[in-house]
Amino acid sequence: MDTLTIEGEDEAALASLVPAPPHRKTQSFSHQFDLKPHPQIRRSRKHSLDEIPQSAALAAEAAVYFDSSDDEFSTGGLVVNGDNVCDGTVTGEDYAVVTPPPDAVVGEDDVKPLPEFIGAGGGAGIFKVPVRAAVHPGRPPCLELRPHPLRETQTGKFLRSIACTETQLWAGQENGVRFWNLDDVYEPASVIEGQVRRGDEDTSPFHESVITSPTLCLLADQSNKLMWSGHKDGKIRAWKMDQRPCGSDDDLNPFKERISWQAHRGPVNSIVISSYGDMWTCSEGGVIKIWPWESLEKSLLLKPEEKHMAALLIERCPIDLRSQVTVNGTCSISSSEVKYLLNDSVRAKVWAVQSLSFSIWDARSKDLLKVLDVEGQVECRVDMPPTHGQQSDHEMKAKLPTPSKKEKSPGFLQRSRNAIMGAAGAVRRVATRSAGVYVEDTRKTEAIILAVDGTIWTGNMSGLIVQWDGDGTRLRYVNHHHRAVMCFCTFGDRIYVGYASGYIQVLDLDGDLVSSWVSHNEPVIKLAAGGVRGWYVTSPGPIDNIIRTELSQKETSYARQDNVRVLIGTWNVGQGRASHGALMSWLGSVTSDVGVVVVGLQEVDMGAGFLAMSAAKETVGLEGSVAGQWWIDAIGKALDEKKTFERMGSRQLAGLLISLWARKEIRTHVGDLDVAAVPCGFGRAIGNKGGVGLRIRVYDRIMCFVNCHLAAHLEAVNRRNADFNHIFRLMVFSRGQNLSNAAAGMVLLFLFLSCSLAFSTYLFWLLYSSGLPWALSLAAGASTAAYTLKTTTNPSPGAEEVKSDLAAADMIAFFGDFNYRLYGISYDEARDFITQRSFDWLREMDQLRQEMKLGKVFQGMRYDSGEKKRIPAWCDRVIYRDTQSTPFSESNLQCPVVSSVIMYEACMDVTESDHKPVRCKFHATIAHVDKSVRRRELGKIIKSNEEIISIFEELKSVPETTVSTNNIVLQSQDTGTLTITNNSTTSKAIFTILCGGQTIVKDDGEEEAEYNPRGSFGLPRWLEVSPASGIIKPEEAVEVRVHHEDPHTVGEYVDGIPQSEDTRDKEAILMVNIRGSCSTTWTSHSVKVRHCFSAGVCLIESKPPNLTENLDGSPREEAGDEDL
């Protein structure tokens, strides 16, 4: 290519983009393009491999655990490192060449692995091999009720919510609900018609409902043995607890709902039952409805075949709170979506949570008490402010600069820059207004919970956790993690916090951090993310060490091993297309023993207009091209896609394309495909250079494949090293669905603008290709979706370091047109060496080899370094890393993926491009865990270990308490006092007061035989109890106010009809439940409260009635399994 002449004004335009760095002298060896100094290179030690234990990496102090010349070619497993020869050991910081022993073979066909060159620098930082273990040494062991299923098997069945009862765990999913009996959690999966359902192969036995609309929320009602579910179609359904299907096959006999009705026009976001037994629900548009318990009770008394009548009965009775607080068209609450409801059982209030505001309601009178924003400021009425970042119509227009009459017209590069910046800005603003994903307010509330001390805790998208009192006063805030808070859970005096990063933190009631660990690789949603895991309430604690030790000792019982061969093909196609014969020669002819095929192409399409269009499409989450789809279809045909292989997915970034196929025989073990792209061209913004990646789970191990096209030209070594470093650190995998389709479609409005930038973009591309040392910037206009989402969030100071997605993989393979060349040798000299087959001399001139020796690029990674019949194209390489910390390691749960190269060559007979296609075949041995067997072994440990049994027995301890009376008589507006005393000298007592039911007292003074509980043991409307729950310190007491409220002061409705005053005497049973700060059982005291309407003397029995029928057990009941 001819050298470009840059005029002064155009040079000034380039300088305005990014200041030019000082001129560097061109030389054969590169300087490290990194901010951090490179560690000093040490020579490897001389000792035998046998002297190094396989688990040495596990004992490393800095270990980071994740849920893994002519003399160079020697024999006998020797390693040549510089001038020294050692027995196969690589220190992790030095380069080395390893040669397998003469008798080393892999696979059933006994293929001999090839010698490999290992780059230096792989023993530190993000390039260090991830450390695996049979049981993670840094996290509390968990019970995997439903191990992580492959995402592709869960279409329409993803879990959205969970709720736990004393004997069951319920989960809401996209097609209904399911439940597990806690007695069966350690058992293997259910067999249906002779086989286990795909996706639930390792799941504990469960029961599933009929198909419904997606379940968004669940609520357990213990008093009536019902599970309430809210659905996306606006319906609410009730399911009976402790039921079993009529037959033995869940699929043939799924259980059905008890009742259902249409509650909202939009989705049912949240359901709570108030302190008075009424059901509160919320939806879009600021809608909050109350369903009185009296109507629900009548509907539940109808027979199952009368469900239609029951639905009509309920649908006519709701109370619309929004309409009650709307006066003259002005509403006191916002019209934004109500996302969550919280029942404040301590003070008989209900909190309604919207994105940036809260409304507090009286549960008894249904009155609106207060509206406040997330900062705690009281609002008289809610006016929604404009969305942060929203711009007026005139700001939406792309403003291209116009030169002044007196000023000289800007140069061509300046005009090009302005045009591209305008196009990117216009597309970005439209995507922002349509999708809103770039400007979400981090103050949005994402979770809310009531603690046992009566305080209320909220969490928002920035990770901020705020503590409130019951009146809405902001008490304190803490921030222990920089990612969004997704959910809360309380047990005793502990608060569990789940984050979008997969972290779980445990806080005390002061907000101080007690402990934290990584629970999932995905966001924690109701403490469930695809899989369901349970932790013991004592975690972290002594029980964890016991389980970890015993499970590790039983590793051989649940460890499994499988082999798979992976074929990687890379080809710079130069904007051309290939014949079917060429593709068969390259790929189709070598796939007979291959399980996974990964293909990476470069320069699929590189027109100037195409680059501009690709940049605009990437801004709004679109990718792909006609040429890219042609290549995918053509390769699929060569692989016999319909019969032999199944296409898993692909990703295209401008001219870069990567796609993956899996053999149908192993398809059930391959899935969870994620994609990623990192642009490196034009100031790290355009995809003419960069990397596209695929991440996939194979036999429960993570493999990442990255197709790269790095900077061109002989002297651009620094730039190539920097491109790799940029890709490795910033590649973030996602499903590619982060942006809404509505926003994605808006790119069509700017087709004309993108096409008009063809010449501008082409010139920028020429400047980049010419090797000029400027870093051109186009702001954020052309970044990929995942890349943009990661870089728009700035971690707070002191936050955890963000780990590279690639660093955590069990196997990484980089391939593509790396553009490393031969240095210090002329063209004619290179031809002479090739003619004489003096390839060893050529290797010494290889830029990539020298950079890897110095640990400047592909740190710790490997590539084939043996003699070959056909030498691969020099620019096109395949480099990989598995979990081996030392060569020739055996595959086990500490080193789960052990790979070796068994084929590495170029296809010299393919002539459709100036590059030759390269193929590399790996043999990978993968160690993984049989989750069902490990869960069974965990069950044996829990049930047989005496120390664990002793710990569980200690958890049943409840502080001794006394209640001042078991009889209270009230007349109109009377107030009684109930004193609860904690007699323990060391332990705190947590009390909760519920109502076991009420009855009507007959004229002769006798009660009716049956006490009927309201929803969730709610109080009758004539009774107020405050506080209804709290903490009692050792040797202290708390006074509870029991007050009668005249019924006529509350508008009571049944079936939409106002009720007249009831003058009959009534009696209620209060249950005072006591438990310790970490108790799994409780004790219960019964207190009889009678309201006498007349002024006569009321006599009540001193002994409370037997509540076994209503309470489903004795006064002292166990909370079920000790799992959280």
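Colleague: Is Glu375 buried, partly exposed or exposed in this model, and why?

Modeller: Keep in mind that this is a predicted model. Buried means under 20% relative accessible area and exposed means over 50%, with partly exposed in between. Glu375 has 39% relative accessibility, so Glu375 counts as partly exposed.

Colleague: Which residue does the side chain of Glu375 meet in a salt bridge?

Modeller: Happy to show you! The contact is a salt bridge of 3.2 Å, N to O. It links distant parts of the chain, 99 residues apart, with Glu375 in the loop between β23 and α5 and the partner in strand β27.

Colleague: Are Glu208 and Arg178 buried or exposed?

Modeller: Here is another pair for you to find. The side chains of Glu208 and Arg178 form a salt bridge of 3.5 Å, N to O. Glu208 lies in strand β9 and Arg178 in strand β8, 30 residues apart. Both Glu208 and Arg178 are buried.

Colleague: What span does helix α11 reach from its first C-alpha to its last?

Modeller: Look at residues 626–638, which make up the 13 residues of α11. At 1.5 Å a residue, 18 Å is expected, and the helix comes close to that with 19 Å.

Notes:
Residues are numbered from 1 along each chain as its sequence is written. This is a predicted model: local features need pLDDT of at least 70, side-chain atom pairs count only at pLDDT 80 or more; totals for chains, interfaces and linings use all residues. Side-chain values use heavy atoms; hydrogens and water are left out. Helices (H or I, at least four residues) and strands (E, at least two) are DSSP runs, numbered from the N terminus. The expected span of a helix is 1.5 Å times one less than its number of residues. A salt bridge is a side-chain nitrogen of Lys or Arg within 4 Å of a carboxyl oxygen of Asp or Glu. Buried means under 20% relative accessible area, exposed over 50%, partly exposed in between (1.4 Å probe, protein chains only).
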